[in-house]
Amino acid sequence: MTTAATRPSDRRVSPVFLGILAVSAVTGWATWTGFAAEPGLAVFLFVTSAWVVSLCLHEYAHARTALHGGDISVGAKGYLTLNPMKYTHALLSVVLPVVFVIMGGIGLPGGAVFIERGRIRGRWKHSLISAAGPLTNVLFAVVCTAPFWLGAVDGVPPAFRFALAFLALLQVTAAILNFLPVPGLDGYGVIEPWLPYGVRRQVEPFAPFGLLFVFALLWVPSVNGVFFDAVDGLLGCLGIDELDTYCGFDLFRFWRGPDEFCGV
């Protein structure tokens, strides 16, 4: 068990994260200005890099809350540097969530930070640590949707508006799915400290499969339809039309060729 206090170097922002942030800024500018000859590639890079940034912030929120809750080991593990390679595994933390986006337009963070729960006292602290990640997605969704519900999208280039709408969809789906009380997801982590010990022991073996179970369930047409109807309804209340998210997803998958219906 790590006992060393967090050092300043353990909190230094990773160059990897700064590089991803730079890609997001440059490709966002390219999408806005129409600098790229084909907007699809710029949209793909912008949404993907911004999505990875949100993944890092999601896991950082878990780690930072755990640090204040008493687990000083998170610094030595590199969780406070925002480096995506420090969150579990490159495949689970970055590649798998991006694959989820490409295959189904679903935002589902796959990384994780390993918290030494024995260092933390109090059930409320444990619940807050689990909730911190998806609450970050909620905040990210508020930022992405703000131009729409503030009525500030007039004059925004269509490609950027579509990309922002699709990114908002990813954040909303990530928040909703992560708050599900399914073992292995943050929603279960919120309620787990309040469950009887026997129940927690029985559920524990299923935790590694919770993420895959949810993703597989979303491939069931009836479940998928109900889920995305709810997501579209929520986004609609925030001023984002289904056409915006559809065209954003269409541009994101640039290798399929543009849909003339989107008019970009």
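Colleague: Is the crossing of α2 and α6 left-handed or right-handed?
Modeller: This is a predicted model, in which local features need pLDDT of at least 70, side-chain atom pairs count only at pLDDT 80 or more, and totals for chains, interfaces and linings use all residues. Residues are numbered from 1 along each chain as its sequence is written, and side-chain values use heavy atoms, without hydrogens or water. With the near helix turned clockwise from the far one by less than a right angle, the crossing of α2 and α6 is right-handed.

Colleague: Are α2 and α6 roughly parallel or roughly antiparallel?
Modeller: The axes of α2 (residues 39-69) and α6 (residues 158-178), both DSSP runs of H or I with at least four residues, come within 10 Å and cross at roughly 30 degrees. Angles run from 0 to 180 degrees between N-to-C directions, and those under 35 degrees count as roughly parallel. The two helices α2 and α6 are therefore roughly parallel.

Colleague: How many charged residues are in the contact of α2 with α6?
Modeller: Contact means heavy atoms within 4.5 Å, and the residues involved include F46 and W51 of α2 and F160 and F166 of α6. Asp, Glu, Lys and Arg count as charged. By class, 13 residues are nonpolar and four polar, and the number charged is none.

Colleague: Is T173 buried or exposed?
Modeller: T173 is found in α6 and touches I106, G107, F227, F228 and V231, leaving aside residues up to four places away in sequence. Buried means under 20% relative accessible area, with a 1.4 Å probe. At 0%, T173 is therefore buried.

How values were computed
Angles under 35 degrees count as roughly parallel, over 145 as roughly antiparallel, 65 to 115 as roughly perpendicular and the rest as oblique. Buried means under 20% relative accessible area, exposed over 50%, partly exposed in between (1.4 Å probe, protein chains only).
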